[in-house]
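Hello,

Here is the structure you asked for. Please open it first, then read my notes below.

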Amino acid sequence: MALSALDLFSIGIGPSSSHTVGPMRAARTFIDALERDGKLDAVDRVHAGLFGSLGATGKGHGSDKAVILGFMGELPETVDPMAADGMVAEATEAKKILLAGRRMISFNRPKDVVLHMRQSLPAHPNGMRFQALDGQGNVVSERVFYSVGGGFVVDEDAVGKVQQDTVALRYPFSNAEELLAHCEREGLAISDIMLANESAWRSEEDTRSELLRIWETMKECVSRGCSRTEEHLPGNLMVRRRAPRLFADLQTKDDASDPLRAVDWVNLFALAVNEENATGGRVVTAPTNGAAGIIPAVLHYYMKFVPGASEEHVVRFLLTAAAIGVLFKTNASISGAEVGCQGEVGSACSMAAGALCEILGGTPQQVENAAEIGIEHNLGLTCDPVGGLVQIPCIERNAMASNKAINAARISLRGDGIHHVSLDTAIKTMRETGADMKSKYKETSRGGLAVNVIAC
């Protein structure tokens, strides 16, 4: 499947791309199909069953709320994060839902949105079954969807089927070896290859404009995360916000002579994004919400600490990161429920490392090396959210991986691009490691920190 940079970077809401963004898109797709097929007026009730990882941690990830919003006709790109909870609460209390924004039907939240904590659907850990029923309880429509990571959704009809992709890319690549071959043959940077491929969907001017819009959203997210006044994040863990206090501290005590001051700022940028994500705020999926802080943090680092930084570098950064993200999406997974957190934080770390390497002057070979370092040292990373919330260890993990990405880029830039483990090999290893990983370490909150930390 041909993937665009704007497939990897999309604007949505927190706290999870696979558990919030994906289910909302799936529910909206289900309702859109009813409307398209002329069946909406026959519907008197809708029912959603969430399975596998969605069932196990859906409550903490807001999956049930996301489905309700999708039934209402909302999309993660456009829903108002500040109004979303109120909309769901109103529908729950009134026991009515405005289907597709135009047809009022009865709605009983505990019965109509069910989290199956110990049941799974066959094709993927994040499964959903939607039903629309008429006044006599007859099924008007039934569909199964899977949220496969990064907000991507497929229905059961697409599972196991190979469909010819008709999108013609100028420089098609399915692995890093092919990507590097294009760079060498054409004398182009990885960002050049990706920019040329984006022309299959839109003009170069539009691509640049959309990527800068993504950057603006990232900046706004950091700003909101730094200025929140609530002391704690939502949820029963009562996790204290750190970004506002750290920002205030750095504003007054930012010592230019401190050789490690950049580390504090990178930590701030990542914490701000992921605290905002945990709040259900507006974030950029990059390539997931659970890892949404890494690419913005590294890009903010570049813009703040590297002389000569410009918007052109922002575009190049995001294009290079997207090219690397395509490799993970194509050859492994970016779903924590499928391969653990190595697929989320590991992929984002790799993407950020390679992207930073390019805009710091790295060759395509050095970029590939930086990306490989970024994922190699996240192999085996489990997804074990305490209390099913995208807070512990998720928020802090983004800060750690952001600094790791910067270090990976610097290590690569000090070399010549020659190394023993290729990015393709590391991605293959990540996929195999994920397949070997026990399901309790894959976003189910049934292993690791999730069972060893008391969630009151």
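The chain has 19 helices and nine strands. These are DSSP runs: H or I over at least four residues for helices, E over at least two for strands, numbered from the N terminus. The radius of gyration is 22 Å, close to the 23 Å of the globule rule for 456 residues, so the chain is as compact as a globular protein of that length. That radius is taken over C-alpha atoms, and the rule is 2.2 Å times the number of residues to the power 0.38.

This is a predicted model: local features need pLDDT of at least 70, side-chain atom pairs count only at pLDDT 80 or more, and totals for chains, interfaces and linings use all residues. Residues are numbered from 1 along each chain as its sequence is written, and side-chain values use heavy atoms, leaving out hydrogens and water.

Of the 456 residues, 55% are buried (under 20% relative accessible area, 1.4 Å probe, protein chains only).

Now the rings. The whole structure holds five aromatic pairs (rings of Phe, Tyr or Trp, its six-membered ring, with centres within 6.5 Å; stacked under 30 degrees between planes, edge-to-face over 60, tilted for the rest). Phe30 and Phe130 form a tilted pair, 5.6 Å centre to centre and 50 degrees between the planes. Phe30 sits in helix α2 and Phe130 in strand β6, 100 residues apart. Phe30 is buried at 1% relative accessibility. Phe130 is buried at 0%. Phe130 also pairs with Phe145: centres 5.7 Å apart, planes at 40 degrees, so tilted again. Phe145 lies in strand β7 and is buried. Ring pairs join Phe30, Phe71, Phe130 and Phe145 into a cluster.

Best wishes

Methods: Buried < 20%, exposed > 50% of the residue type's maximum accessible area, 1.4 Å probe, protein only.
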